[in-house]
Amino acid sequence: QVQLVESGGGLVQAGGSLRLSCVASGSTLIMGWYRQAPGKQRELVASISNSGSTNYADSVKGRFTISRDNAENTVYLQMNRLKPEDTAVYYCNAQDWGFRYYWGQGAQVTVSS
């Protein structure tokens, strides 16, 4: 069982930046960030494998950067040039080496126009 603890959400003006962090209680294979806006389905924002391979949603490419520190079991999401449409609850997600999935509690990100 892996537990995920997120931090770093908040309120920012359009064009600003925020950094999300997620610490896992154990080793993971893939870590990522999803988001869910009111009335919308949860969607993948970015993911990163244990070897460093990354994947981004088209809507955040060039603005968001995902990274991880395997020694600290931590994944980060650096969000730059934020837009009001980035407003959502951001969830950390992890897949362990047994291919089980885990979710964090969610972090609110609000971008004002």
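Select Arg63 to start: this residue sits in the loop between β6 (54-56) and β7 (64-69); strands here are DSSP runs of E with at least two residues, numbered from the N terminus. You're looking at a predicted model, where local features need pLDDT of at least 70 and side-chain atom pairs count only at pLDDT 80 or more, while totals for chains, interfaces and linings use all residues. Residues are numbered from 1 along each chain as its sequence is written, and side-chain values use heavy atoms, with hydrogens and water left out.

Is Arg63 buried or exposed? Arg63 is buried, at 5% relative accessible area (buried is under 20%, exposed over 50%, partly exposed in between, with a 1.4 Å probe and protein chains only). Now show Arg81: its backbone oxygen is 2.9 Å from a polar atom of the Arg63 side chain. Leaving aside neighbours within four places in sequence, Arg63 is in contact (heavy atoms within 4.5 Å) with residues including Met79, Leu82 and Asp86.

Hop to Met79. Setting aside neighbours within four places in sequence, Met79 is in contact with Arg63, Phe64, Tyr90 and Val109, among others. Met79 is also one of the residues with the most contacts inside the largest nonpolar core, which has 30 residues. Such a core is a set of buried Ala, Val, Leu, Ile, Met, Phe, Trp, Tyr and Cys residues joined through side-chain atoms within 4.5 Å.

Next, pick Cys22 and Cys92. They are joined by a disulfide, S to S 2.1 Å (the cut-off is a pair of cysteine sulfur atoms within 2.5 Å). Cys22 lies in strand β3 (residues 18-24) and Cys92 in strand β9 (residues 88-95), so the pair ties together parts that are 70 residues apart in sequence. The torsion about the S-S bond of Cys22 and Cys92 is about -85°, so this disulfide is left-handed. Cys22 is buried at 0%, and Cys92 is buried at 0% too.

Last stop: the rings. Which residues form one aromatic cluster? Tyr34, Tyr91 and Trp103 do. Rings of Phe, Tyr and Trp (its six-membered ring) pair if their centres lie within 6.5 Å; planes under 30 degrees apart are stacked, over 60 edge-to-face, and the rest tilted. The whole structure has two aromatic pairs. Tyr34 and Trp103 are edge-to-face, 5.0 Å centre to centre with 70° between the planes. Trp103 is partly exposed, at 40% relative accessibility. Tyr91 and Trp103 have centres 6.5 Å apart and planes at 90°, so that pair is edge-to-face.

Note on methods
Helices (H or I, at least four residues) and strands (E, at least two) are DSSP runs, numbered from the N terminus. A polar contact is a pair of N or O atoms within 3.5 Å; within protein, one must be able to donate a hydrogen and the other to accept it, and residues adjacent in sequence count only if both atoms are side-chain atoms.
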